[in-house]
Amino acid sequence: MTHPPYLSPAYRSTVLRAPSRAPVPFKADPDTIELTSPVFGHHEVGSLDCDLTRQHAGEPIGERISVSGRILDAAGRPVPNTLVEIWQANSAGRYAHQGDRHPAPLDPNFTGAGRCLTDDQGRYRFVTIKPGAYPWRNHANAWRPAHVHFSVFGTAFTERLVTQMYFPGDPLMPFDPILQSIPDAADRERLVSAFSMDLTEPEWSLGYSFDIVLGSTPLETP
Amino acid sequence: MMPTPSQTVGPFFGHALPYLHDWELVPEGHPEAITLAGRVFDGAGEPVPDALLELWLGHTGDGGALRRGDGLTSGFGRCATSPTGSYRFRTVRPAGPYLSVQVFARGLLRSLLTRVYLEDRPDPLLDDLDPARRSTLIATGSGDAYRFDVRLQGEGETVFLDF
């Protein structure tokens with residue numbers, strides 16, 4: 001099982017939110033609307049939506065990075081023209097969200113939200129700044145490793161995926177109950193982006209690559 | 001290929017995932033508009049104020065899934081829950097018997113997929129459920145106003161689908 005179990009008590013918020021009953025399989029039926037997905041048009045997404053460093057009058061503080069990769073289906077085929085959304089904390093570890101009480105500075109030049117559509121090869125690319133780690137109240141001295149949230153649509157509503165991308169070498173990863181909720185180390189590793197000198201632009205930005213593979217849908221056949 | 005593992009949407013998606021008119025799949029005054037509204041509850045019966053619901057009708061609509069305005073209709077919508085755990089959608093009836101709903105929240109390490117049937121009727125999925133749980137997928141109300149609560153855990157726990 002690649003996904004974390006719903007109930008992962010070390011991540012306290014799961015205790016009252018994880019369903020207690022096993023999920024029910026779909027019946028095989030071509031009319032099952034969950035096997036279809038919203039279609040997105042390139043006119044719906046602004047050309048600057050994928051550059052989180054250019055959404056305000058000035059440039060955000062932080063280490064400028066690019067994050068790019070491909071969205072693939074379970075068979076390894078690219079998913080073209082699909083919506084990829086990201087959000088993250090700023091370089092000081094603070095979200096531009098009124099619920100975030102971490103006493104780190106907000107950055108007036110950074111909202112930390114972006115979106116794009118994949119191209120015909122399933123590729124996406126964002127420019128942003130590296131997010132900071134931040135404390136949370138899950139347990140004593142709890143800190144989230146630096147991460148970028150990803151939301152992805154596949155070709156079926158059942159392939160819908162929200163996940164988080166981490167950075168290689170982050171010393172907080174072994175202590176993070178959200179990442180560690182994934183039972184298998186090899187699965188956890190697939191949420192860690194790869195630093196790439198090839199994607200690093202001279203005098204400009206560090207490059208990270210992160211591919212996402214969507215699941216297939218279990219159907220109960222009669 | 002091995003799928004990428006899921007992680008929680010966390011508490012701080014509110015500046016990123018909601019978008020203008022996201023809960024309005026059809027414009028105000030649309031002749032076939034219905035509202036689907038309800039609340040999300042946790043295992044202690046407390047409202048979940050930081051969930052995000054997505055509604056999917058099985059067809060994209062007029063101008064792409066996100067686009068609104070100019071009388072456009074969409075088959076996809078989003079609604080973040082309020083401090084009292086409530087959500088609402090303005091939509092039209094689905095072509096088939098049900099609407100698809102996906103639930104995201106802090107504390108959900110993977111989203112939950114469920115269905116809203118606007119009326120109780122013979123159905124391959126409903127008919128195979130434990131009869132005591134059947135009603136968790138059936139909205140209450142009629143005409144142009146329906147209610148559907150999501151109970152993540154415990155008594156009256158909503159039926160979620162394996163995906």
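Q: What does Val103(B) touch, leaving out residues up to four places away in sequence?
A: Val40(B), Ala51(B), Leu53(B), Leu108(B), Ser111(B), Leu112(B), Thr114(B) and Val150(B). Contact means C-beta atoms, placed from the backbone, within 7 Å.

Q: Before we go on, what kind of model is this, and how is it numbered?
A: This is a predicted model: local features need pLDDT of at least 70, side-chain atom pairs count only at pLDDT 80 or more, and totals for chains, interfaces and linings use all residues. Residues are numbered from 1 along each chain as its sequence is written, while chains are lettered from A and ligands numbered from 1 in the order in which they are written.

Q: Back to the interface. How many residues does each chain put into the contact?
A: Chain A gives 62 residues and chain B gives 54 residues.

Q: Which strands of chain A supply at least two residues each to that side?
A: β1 (24–27), β3 (83–88), β8 (147–152), β9 (161–166) and β12 (212–213). Strands here are DSSP E runs of at least two residues, numbered from the N terminus.

Q: What does β1(A) join in chain B?
A: Strand β10 (residues 161–162), running parallel, through two bridges. Pairing takes at least two DSSP bridges. Val24(A) stands opposite Leu161(B) there.

Q: New topic. Where is Glu203(A)?
A: In the loop between β10 (194–201) and β11 (205–209) of chain A.

Q: Is Glu203(A) buried or exposed?
A: Glu203(A) is exposed, because 4 other C-beta atoms lie within 10 Å. The cut-offs are 12 or fewer for exposed, 20 or more for buried, and partly exposed in between, with C-beta atoms placed from the backbone.

Definitions and conventions: Two residues are in contact if their C-beta atoms, placed from the backbone, lie within 7 Å. Helices (H or I, at least four residues) and strands (E, at least two) are DSSP runs, numbered from the N terminus.
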